Amino acid sequence: MSRSPASRLRQAGRGVATLGPTGTVWHVFADSSKGELPAGSNLTGSAGSADFRTVGRLGTVRIRIGLGTIEVEHADTPHLKSGAGDITVDHATGAAELTAG
């Protein structure tokens with residue numbers, strides 16, 4: 001079984017840059033970023049102030065934000081942290097680590 005590539009989201013000024021496994025930028029938007037990943041992909045994201053929402057099945061999801069909400073529909077192992085905001089995980093197949101301040 002091959003592993004799905006990892007993708008990263010990072011804050012880029014007022015926008016969000018979506019980076020593919022090779023570091024290629026897929027999208028940069030002023031207020032939002034939307035991308036499609038293969039099922040089972042790993043995702044890492046961080047921002048000072050943002051809302052994250054995923055739809056569909058992902059592998060390991062690591063999201064860390066200072067202020068905002070995190071909504072994950074389905075992740076194998078979610079590791080989610082929000083300094084101030086709500087965290088929702090609809091379905092996790094493995095261990096979940098959730099921290100909300």
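How many helices and strands are there in the protein? There are zero helices and eight strands. This is a predicted model, in which local features need pLDDT of at least 70, side-chain atom pairs count only at pLDDT 80 or more, and totals for chains, interfaces and linings use all residues. Residues are numbered from 1 along each chain as its sequence is written, and side-chain values use heavy atoms, with hydrogens and water left out.

**Overall build**

- From the N terminus on, the elements run β-β-β-β-β-β-β-β.
- Strands (E, at least two residues) and helices (H or I, at least four residues) are DSSP runs, numbered from the N terminus.
- The protein has 101 residues, and 31% of them are buried.
- Buried means under 20% relative accessible area, exposed means over 50%, and partly exposed lies in between (1.4 Å probe, protein chains only).
- Accessible areas come from the Shrake-Rupley method with a 1.4 Å probe, and for residues only the protein chains shown count as cover.

**The largest nonpolar core**

- A nonpolar core is a set of buried Ala, Val, Leu, Ile, Met, Phe, Trp, Tyr and Cys residues joined through side-chain atoms within 4.5 Å.
- The largest one has 13 residues, of which Phe52, Val61, Ile63, Ile65, Ile70, Val72 and Leu80 touch the most other members.
- Strand β5 gives the most, with five residues.
- In soluble globular proteins, nonpolar side chains tend to be buried together.

- Phe52 lies in strand β5.
- Phe52 counts as buried because its relative accessibility is 9%.
- The C-alpha atoms of Phe52 and Arg64 are separated by 9.6 Å, and the two residues are twelve apart along the chain.
- Val61 also lies in strand β5.
- At 0% relative accessibility, Val61 counts as buried.
- Val61 and His74 are 13 residues apart along the chain, with 9.5 Å between their C-alpha atoms.
- Gly45 is found in strand β4, and Gly45 is buried, with a relative accessible area of 5%.
- From C-alpha to C-alpha, Gly45 and Val61 are 8.2 Å apart, although 16 residues separate them in sequence.

**The salt bridge**

- A salt bridge is a side-chain nitrogen of Lys or Arg within 4 Å of a carboxyl oxygen of Asp or Glu.
- By this rule the count is one salt bridge.
- The side chains of Asp76 and Arg57 form it, at 3.7 Å from N to O.
- Asp76 lies in strand β6 and Arg57 in strand β5, so the pair ties together parts that are 19 residues apart in sequence.
- Asp76 is partly exposed, with a relative accessible area of 26%.
- Arg57 counts as partly exposed too, at 39% relative accessibility.
- Side chains of opposite charge can pair when their charged atoms come close.

**The negative surface patch**

- Asp51, Glu71, Glu73, Asp86 and Asp90 form a negative surface patch.
- Patches are made of residues with over 30% relative accessible area and no salt bridge, with like charges joined within 9 Å and nonpolar side chains (Val, Leu, Ile, Met, Phe, Trp, Tyr) within 5 Å.
- Asp and Glu count as negative and Lys and Arg as positive, while His and the chain ends are not counted.
- The place of a charge is taken as NZ of Lys, CZ of Arg, CG of Asp or CD of Glu.
- Glu73 lies in strand β6 (residues 70–84).
- With a relative accessible area of 33%, Glu73 is partly exposed.

**Gly83 and Gly101**

- Gly83 has its place in strand β6, and Gly83 counts as partly exposed at 40% relative accessibility.
- Gly83 and Gly101 are 18 residues apart along the chain, and their C-alpha atoms are separated by 4.5 Å.
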